[in-house]
Amino acid sequence: MPWSFAICEDEVKHSDALESLIRKWAEKRRHEVVIHTFEDANRLLGAWSDTDSFDALFLDIQLPGGLDGVSFAESVRRKDKDIPIIFVTHHSDLMIKGFSLEALDFIVKPVQEEPLYAALDRMAYRLQQLPEQYFSCRVERENIRYPVRSIYYFISVGHYILINGDENYRFREQMVTLLERLPRNFARIHRSIIVNMDHVYQYGSQRLIFEDAKRTELPISRNHMESFVRTISEYRRFF
């Protein structure tokens with residue numbers, strides 16, 4: 001499957017140059033890529049809200065229309081903590097704005113092949129290490145992608161399911177259908193709880209403990225105990 005990249009750059013000459021170099025890199029490294037270009041962040045934001053298909057973002061820090069590259073990146077990070085972001089700018093002094101957003105790299109215009117290829121190689125390594133990295137769902141009116149490795153558990157509260165108990169990441173879905181579309185490292189331990197077995201530190205007859213710093217505990221119901229023990233035992237035999 002090809003990687004889908006989004007370029008947000010208001011100057012056509014710079015957008016075309018960046019796209020050309022990315023395609024040249026992809027051909028040389030034998031990667032398949034699909035590139036989408038946007039003239040301002042508001043248009044990209046509209047596309048971002050309607051799809052979860054972008055694998056990496058290339059953002060000009062200074063953009064017209066009231067929403068600059070850093071502000072857009074802040075919006076992205078609230079929904080997606082891991083997507084690679086590469087900032088492109090005329091002014092190296094503006095790079096400091098992007099450090100807190102965990103940008104993969106900063107490229108100074110006019111874009112040169114060597115630094116861009118180095119950034120693209122790092123990006124490719126990250127994408128290849130995480131082939132199934134996202135869980136997709138609809139929170140309020142927006143589609144979000146949440147890194148699977150950051151999910152410890154889903155818990156049903158009222159009419160919603162919360163990711164890691166966080167009210168900011170709640171969506172509507174039946175627990176049965178949710179479990180069906182999750183990777184095999186997830187198991188149900190309670191009628192209202194699904195856990196990521198990769199993060200289970202230990203478990204007993206009534207509870208399990210995660211490997212996080214707080215050693216978060218969750219109950220295991222009697223109705224799910226037998227199936228959970230069987231599932232986690234079989235899973236850990238192979239992984």
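The model is predicted, so local features are reported at pLDDT of at least 70 and side-chain atom pairs at pLDDT 80 or more, while totals for chains, interfaces and linings use all residues. Residues are numbered from 1 along each chain as its sequence is written, and side-chain values use heavy atoms, with hydrogens and water left out.

**Overall make-up**

- The chain has 6 helices and 15 strands, where helices (H or I, at least four residues) and strands (E, at least two) are DSSP runs numbered from the N terminus.
- Of the 239 residues in the chain, 48% are buried, that is, they have under 20% relative accessible area, against over 50% for exposed residues and values in between for partly exposed ones (1.4 Å probe, protein chains only).
- The accessible surface comes to about 13100 Å², and 47% of this surface belongs to carbon and sulfur atoms; the areas come from the Shrake-Rupley method with a 1.4 Å probe, and for residues only the protein chains shown count as cover.
- Among contacts (heavy atoms within 4.5 Å) between residues at least 6 apart in sequence, 54% join residues at least 24 apart.

- Leu18 touches Ile7, Phe58, Val88, Val111 and Leu116, when residues up to four places away in sequence are not counted.

**Strand 1 and its partners**

- Strand 1 is mostly covered, with 6 of its 6 residues buried: Trp3, Phe5 and Ile7 lie on one side, and Ser4, Ala6 and Cys8 on the other.
- Strand 1 runs parallel to strand 2, to which 6 bridges join it, and Ile7 stands opposite Thr37 of strand 2; strands count as paired if DSSP finds at least two bridges between them.
- Strand 3 also runs parallel to strand 1 and is joined to it by 4 bridges, with Ala56 as the bridge partner of Phe5.
- Together with helix 1, strands 1 and 2 make a right-handed β-α-β unit, meaning that, with the strands pointing away from the viewer, the path from the first strand over the helix to the second runs clockwise.

- An open sheet of 3 strands has the order 13-14-15, with antiparallel pairing.
- Strand 13 (200-203) and strand 15 (217-219) each have a single partner strand and stand at the edges, so one side of each is left without a neighbour in the sheet.
- Strand 14 (residues 207-210) is joined to strand 15 by 3 bridges, and Ile209 has Glu217 as its bridge partner there.

**Asn196**

- Asn196 lies in strand 12 (residues 193-196) and is buried, with a relative accessible area of 1%.
- Not counting residues up to four places away in sequence, Asn196 touches Val148, Ile151, Tyr152, Asn185, Phe186 and Phe210.
- Asn185 is 11 residues from Asn196 in sequence, and their C-alpha atoms are 5.8 Å apart.
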